Amino acid sequence: LSINVRGGKSAVVSWHPPALGHYSGFRIKVVSYLDKPQPPPRLINLSMDASPYTVRDLTPGGAYQIQLFTVFDNKESSAYISRNITTKPNTPGKFIVWFRNETTLLVLWQPSYPASIYTHYKVSIDPPDAQESVLYVEKEGEPPGPAQAAFKGLIPGRAYNISVQTVSEDETSTPTTAQYRTIPLRPLTLSYDKSSITHNSFKVHWEPPKGVSEFDKYQVVINVRRQGTAAPITRNRDEMTEWEFKENLEPGRTYHVLVKTLSGKVTSWPAAVNVTVKPLPVVNLRASVNDATGAVLLSWQPDNSSFQEEYKVSYSEVEILNGDSNSATTTGTKYDLDTLLPGRNYSITVQAVSSGMESNETTVYQATRPSSPIIEDLRPVEFGLNISWKSDVNSRQDKFEVVIQRNDTGLLILGGKHPVNYYKDLQDVTYSSYLFVNNIEEELNFTQRNMTVKRMTKEYKLAQDDLFPGSSYLLRVSAISHNLRSEPHDYAQAVYPLPPTDLVIDKKSSNAVIV
């Protein structure tokens, strides 16, 4: 018996008939080992002259035992001959470089399609410069998802051929192959010659990369902020590492120069430099807050002896690590900062800019009003209110001010038998009244609330428990940051009234009662 595996779905089986005895045909049993769940053996009845026979519809990457019996009068031989085979798994799907730097390539690939049986992947790289140039990656999940492998310790800028194969037992698939390059090392110490700067030219110089790196050329790029980026300039590796810009330059502008090494189409990280002339700082910088919009209004004056074409306005939070910061440019001498976060203390700087070169900073400090808190829960309780609120996640505040003001008629009636009018002309007066319940005199103290009561807290909740039963109150909650108050959030809420007392039945009849 001999078996020749052809690809992933078929195998050619050939054999010699028995030398002794009679037979009328042959029978093949195909036993699968790796299919889950394991199917029953497949039976194939063959004629006397069937050899060689092609067994089809096998699963790529599957492991099988092929058993061959002789058959006579529909009875198979008690013994059989067999061979174990593994079909070739399907090739992995498309793969890409997911991450690369100077010494590492991380590749990501899809599982084989159509699906096949396999246990792991074989990933190799050539030239074999990596710490491990052949990696075996286990298949994870069913169905499997994307897999990845990283080759480390590579040569910067070198081109590598990477292949991925699926592996089932001792069979490997046809590889999926692609070529990728590592990033070459970048040039060192890009600088400009100050003595070469004129109104229309300047010269830059750089050092070759330090260390082993493969690259073909240098790429020099000049960035003109208002005119876009000029076409890259290429210099061969063996040419002088300098370049003089003397065409299409405008006096008074700033140019951003980048130099990279180039390996194939992969460029290194850039070495960069700005060539600039420094203007004088602005004077008379002032800041004020627009009460209607909350924006900070800036105004300044340029130095009369300095030339500048625009101004850079920058802001950052004071004494806050990684706080809110940003910058913008303007051609005028006034600017509205309408993107500042509420409740912050900012350091605001203005710099004169001439062709991108920034002057020394002129600084002013300005705080912004916090955002209004939002009353989230307001629940009446006996003799009081439980209040909770929340604030904008972008707003900061030092504390909250809660104002509670009684806003009903001010008529106080205590006890069913003794109504009393209290005319509340005084502020923050605590008075004593008497509630008669079953002729038992109980003294109750309430704080008069037709006036304003203020409380300060750093918490996001407050419990007020000395309010008058049955009265309506207006609550105002404001946030305070750097001594600036937000707009208050108002909410009206009544306090639970006291229950009635001395319930008696005064008269009753057959169909009514008077209580």
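A residue is called buried under 20% relative accessible area, exposed over 50%, and partly exposed in between, with a 1.4 Å probe and protein chains only. The model is a predicted one, in which local features need pLDDT of at least 70 and side-chain atom pairs count only at pLDDT 80 or more, while totals for chains, interfaces and linings use all residues. Residues are numbered from 1 along each chain as its sequence is written, and side-chain values use heavy atoms, with hydrogens and water left out.

Rings of Phe, Tyr and Trp (its six-membered ring) pair if their centres lie within 6.5 Å, and the planes count as stacked when under 30 degrees apart, edge-to-face when over 60, and tilted for the rest. This rule gives 14 aromatic pairs. In one of them, the ring centres of Trp 109 and Tyr 121 are 5.3 Å apart and the planes stand at 75°, so the arrangement is edge-to-face. Because Trp 109 lies in strand β10 (residues 105-109) and Tyr 121 in strand β11 (residues 120-126), this pair ties together parts that are 12 residues apart in sequence; strands here are DSSP runs of E with at least two residues, numbered from the N terminus. Both Trp 109 and Tyr 121 are buried. Trp 389 and Phe 400 form another edge-to-face pair, with 5.5 Å from centre to centre and 70° between the planes. Here Trp 389 belongs to strand β35 (residues 384-390) and Phe 400 to strand β36 (residues 399-406), 11 residues apart.

What encloses strand β28 (residues 310-317)? The rest of the structure largely does so, because 7 of its 8 residues are buried. Two strands are taken to pair if DSSP finds at least two bridges between them, and β28 is joined by 8 bridges to strand β31 (residues 345-354), with the two running antiparallel. In that pairing, Lys 312 stands opposite Gln 351 in β31. Strand β28 also pairs in the antiparallel sense with strand β29 (residues 325-330), over 6 bridges, and there Ser 314 stands opposite Ser 327 in β29.

A salt bridge is a side-chain nitrogen of Lys or Arg within 4 Å of a carboxyl oxygen of Asp or Glu, and the structure holds 12 of them. Among them, the side chains of Glu 317 and Arg 396 meet at 2.5 Å, N to O. This pair links distant parts of the chain, since Glu 317 is in strand β28 and Arg 396 in the loop between β35 and β36, 79 residues apart. Glu 317 counts as buried at 9% relative accessibility, whereas Arg 396 is partly exposed, with a relative accessible area of 34%. Elsewhere, salt bridges that share partners join Arg 27, Lys 29 and Glu 76 into one network.

Finally, a charge is said to sit over a ring if NZ of Lys or CZ of Arg is within 6 Å of the ring centre and within 35 degrees of the ring normal. The charged end of Arg 237 is placed in this way over the ring of Phe 215, 4.0 Å from its centre, and that of Lys 139 over the ring of Tyr 118, 4.8 Å from its centre.

Terms used
Helix = DSSP H or I, 4+ residues; strand = E, 2+ residues; numbered from the N terminus.
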